[in-house]
Structures are given as C-alpha cells and as structure tokens.
Amino acid sequence: MPDNRATRFFGKLHQDKSGLALIEFAFVAPFMLTIGLTGMETANLAVGHLQVSQVAMLVADNASRVRNTIDEADIREIFTGAHLTGSSIDFSPNARIILSNLEHNGLAGADEGQWIRWQRCYGGNTSYSSSFGAEGDGETDASLAAGIGPTGKKISATPASAVNFVEVIYDYKPLISDRFFGNIVIRYESAFVARERNDHAMRNASSIPNGQRWLCNRYDVIT
C-alpha cells in the first residue's frame, strides 16, 4: 500500500501543471526586466544627447542674434535660457558651457590669425575648461591661425565678422544605473556668425560687478 500511495502521488505530481506559468515567469523575468531597463536607459541617454545638442545650438544662436553690441546682461539672459532648456536632465549643476567670441586678430604676416576676444562660462561642473583656447589667446600671434574647433572642423572668422563658438560638456546622469553604459560625458559644439553687430567687444552697461559676471573662473548656476 505505501508503494501504491507513493506511486499515485508522484504520478499526480508529474501531471500537475498548475505552477508552470509561475516557473516560466521566474526564468524569463530577469531577462525581460534587464531588456526593459536597458531600453529605458537607452531612451534617457538619447534624450540627454538631444538636450545637450539643443543647448549648444541655442546658446550660439542667441549670442549671435544680439545686435549692435553685446552686454553682460545679454549673457545672463542667454545662460538663463540654457538653464531652462536643460532643466529636465538636471543640466546646470552637472554641465559646463563655454561661450567664446572668435575674431580675426587684425594682424598681418606671420602673426595673422584668429583670437578669442572674450569668453564666458556657465555651469556647476568644475572638471572642464575649453578644449580650444582661453580668452585672449591669439591676440598677438598666430597660435590660433587655423581657428578653433575639432580637428578637421575648425571655425574661423573673416576680418569683418565674429563667430560665437560654444562648447557644452555634460556628465550624463543615468536614469537607473551607470552599470548599463558606464560613466558617459556628452560633448557638443556649435557656432554661429554674429548678425548685424559691428562692435563685438563685451560691454557692461548695467555695471554688473565682477563677482556676478559669468567669467570662466567661476562656477555659478541658476537655482
């Protein structure tokens, strides 16, 4: 009798499929969860690239739209726009914007080239500075003769114009974990020629104190 009972029990157990779906789910769930989270992280990374590229183009374009003269107050408005554009990715504390005004240095011969008349920066990330030069570079020599920008894509200004060149560097903040893609730094550059502006020097008609100007040795952000 005990043997018959055991045989019947294991026979019923062998035919019982009531927990099959749960077992299959237990096997499949980790893979499905990984795929789903990877997709979410990929989408978030794509949004990060889109936002940073938009910030770079927005800053360069807005800086180039300022007519007649450009002022420290204009810089505050331009960077405020960048802050609002990148708010969805927590841009300001994790990024650095470097806005450079590039012009012909007005020299001839061996010293002819481009120079960075002024440079303004925004963002709380202290890890990055310009990859292409600092304010004043090229003013008296040909160190920037080819202009500024990535190799093979350098930008230069004609003697009668100025170019607003923007670098944006953003430390990507993952939605879920950096184990998916590691530590990612998103970089974009953009450049626009200044339109309808003959005086490219930085003015300060509002007398904004040095401690409140967005110079490149400061790391202030809009809160």
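Predicted model: local features only at pLDDT ≥ 70, side-chain atom pairs only at ≥ 80, totals over all residues.
## Overall form

The secondary structure of the protein consists of 4 helices and 6 strands. In sequence order these elements give the pattern α-α-β-α-α-β-β-β-β-β. The radius of gyration is 28 Å, well over the 17 Å that the globule rule gives for 223 residues, so the protein is more spread out than a compact globule. Taken along the principal axes, the box filled by the C-alpha atoms is roughly 110 × 40 × 25 Å.

Of the 223 residues, 37% count as buried. The protein exposes about 12,700 Å², and carbon and sulfur atoms supply 56% of that area. Among contacts between residues at least 6 apart in sequence, 72% join residues at least 24 apart.

## Salt bridges

Side chains of opposite charge can pair when their charged atoms come close. The structure holds 8 salt bridges.

| Salt bridge | Closest N and O atoms |
|---|---|
| Arg-65 with Asp-61 | 3.2 Å |
| Asp-61 with Arg-195 | 2.8 Å |
| Glu-135 with Arg-120 | 3.3 Å |

Asp-61 takes part in a salt bridge with Arg-65 and in another with Arg-195. Arg-65 and Asp-61 both lie in helix H2, 4 residues apart, which is about one turn of the helix. The partner Arg-195 lies in the loop between strand E5 (185-193) and strand E6 (202-203), so its pairing with Asp-61 in helix H2 ties together parts that are 134 residues apart in sequence. What is the burial state of the two residues in that pair? Asp-61 has a relative accessible area of 15% and is buried, because the cut-off for that class is under 20%. Arg-195 has a relative accessible area of 31% and is partly exposed.

The salt bridge between Glu-135 and Arg-120 has its closest N and O atoms 3.3 Å apart. Glu-135 lies in the loop between strand E3 (114-122) and E4, while Arg-120 lies in strand E3, so the pair ties together parts that are 15 residues apart in sequence. Glu-135 counts as partly exposed at 45% relative accessibility, whereas Arg-120 is buried, with a relative accessible area of 3%. Through salt bridges that share partners, Glu-72, Arg-120, Glu-135 and Arg-213 are joined into one network.

## Disulfide

A disulfide is a covalent bond between the sulfur atoms of two cysteines. A search of the whole structure finds 1 disulfide. Cys-121 and Cys-216 form it, with their sulfur atoms 2.0 Å apart. The torsion about the S-S bond is about 80°, so the disulfide is right-handed. The pair links distant parts of the chain, with Cys-121 in strand E3 and Cys-216 in the segment after E6, 95 residues apart. Cys-121 is buried at a relative accessible area of 3%, whereas Cys-216 counts as partly exposed at 26% relative accessibility.

## Val-163 in strand E4

Val-163 is placed in strand E4, which covers residues 162-171. Is Val-163 buried or exposed? Its relative accessible area is 4%, and Val-163 is therefore buried. Which residues does Val-163 contact, leaving aside its neighbours within four places in sequence? They are Ser-100, Asn-101, Leu-102, Ile-155, Ser-156, Ala-157, Ala-191, Phe-192 and Val-193. The C-alpha atoms of Val-163 and His-200 are separated by 9.6 Å, and these two residues are 37 residues apart along the chain.

## Nonpolar surface patch

Ile-23, Phe-27, Val-28, Met-32 and Ile-35 make a nonpolar surface patch of about 540 Å². One of these residues, Val-28, lies in helix H2, which spans residues 20-65. Val-28 is partly exposed, with a relative accessible area of 42%.

Terms used
Residues numbered from 1 in each chain as written. Heavy atoms only, no water. Helix = DSSP H or I, 4+ residues; strand = E, 2+ residues; numbered from the N terminus. Buried < 20%, exposed > 50% of the residue type's maximum accessible area, 1.4 Å probe, protein only. Contact = heavy atoms within 4.5 Å. Patch = residues over 30% accessible without salt bridge, like charges linked within 9 Å, V, L, I, M, F, W, Y side chains within 5 Å. Areas by Shrake-Rupley, 256 points an atom, 1.4 Å probe, with all protein chains shown as cover. Salt bridge = Lys/Arg side-chain N within 4 Å of Asp/Glu carboxyl O. Rg over C-alpha atoms; globule rule 2.2 N^0.38 Å. Disulfide = S-S within 2.5 Å.
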